[in-house]
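Student: Please take one part of this structure and walk me through it closely. I would like to know what surrounds it and how it is placed.

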Amino acid sequence: MTNRVLTLEQAARHVNIDMRELLHMAQRGEVPSRKRGDDFYFEHNAIDDWAQRNLLELPEKHLRQRYRDEVRERSLTVSSDGVVPLLFAPERIDMNVESRTRPGVIRDMVGLAFDTGLLYDDAQFLQDVSEREEIASTAMSGGVAFLHARYTDPYRASESFAVLGRTCRDIHFGAPDEEPTNLFFLLCCIDDMLHLHALSRLCVLCRQPGFLDALRAAGDGKEAFRLLSDAENDFLRSVL
């Protein structure tokens, strides 16, 4: 598990926030930091956890602006910015999860992750994801949640991946609109930058009009994967 101290410049680059804005936030005590002399420093785990929670709360306008900058920067170094083909596959999507309760769906989603063959320790991952949910729910309005561990760990899996489950029953999962949830993404990234990038990408995709309804109506993993891919491609064209 990465646990190092970042300078202001390093932290701003990591969470994709303007350095001056992050400085002002640190001065106001809005972001976890430590001050040494005139300089602010940020513990990697603390700023990473803060960034994840912040992404789930960002409105659509700010998420899109974040991507206009981030996608253009990444496009200079990678040939494709697609998160969906990198992390998902049709066989990593289960549109008939039988869970009835909050602990049950976390357990079943971790089981789906373990079935990929990429996760090393499902018991530890289950504990990590459950502890993250105890701190604050990762459910968003609209009936979707983004399960993940609080911190990334390069030794958690052989490579980064994501799974998606649709429960047969609605589950009250702590969404801000107090409505139940039935779509659950589970991220398992061994790289913290990819984790933040993928989390924000999924958040913005799920806020596109009609997307969640279409995803719920998908008949199987292949159709759901196609819907994810098409939505991401449309979004990328809109921000480039």
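Tutor: Helix α7 (residues 122-135) lies across β6 and β8, where lying across rests on contact, meaning heavy atoms within 4.5 Å. α7 runs at about 125° to β8. Axes are lines fitted to C-alpha atoms, for helices over the stretch in contact, and angles run from 0 to 180 degrees between N-to-C directions. Helices (H or I, at least four residues) and strands (E, at least two) are DSSP runs, numbered from the N terminus. This is a predicted model: local features need pLDDT of at least 70, side-chain atom pairs count only at pLDDT 80 or more, and totals for chains, interfaces and linings use all residues. Residues are numbered from 1 along each chain as its sequence is written, and side-chain values use heavy atoms, leaving out hydrogens and water.

Now take β8 itself, residues 181-188. Eight of its eight residues are buried, that is, under 20% relative accessible area with a 1.4 Å probe, protein chains only. Helix α6 (residues 102-114) also lies across β8, along with β4, β6 and β7. α6 runs at about 145° to β7.

Next, the pairing. Two strands pair if DSSP finds at least two bridges between them. Strand β6 (residues 144-147) runs parallel to β8, joined by four bridges. There, Phe146 stands opposite Phe185. Strand β7 (residues 161-171) is antiparallel to β8, over seven bridges. Phe185 is the bridge partner of Leu164, and Thr181 is that of Ile171.

Finally, the whole sheet. Five strands form an open sheet in the order β4-β7-β8-β6-β5, with mixed pairing. Its edge strands, β4 (93-97) and β5 (139-140), each pair on one side only.

How values were computed. Buried < 20%, exposed > 50% of the residue type's maximum accessible area, 1.4 Å probe, protein only.
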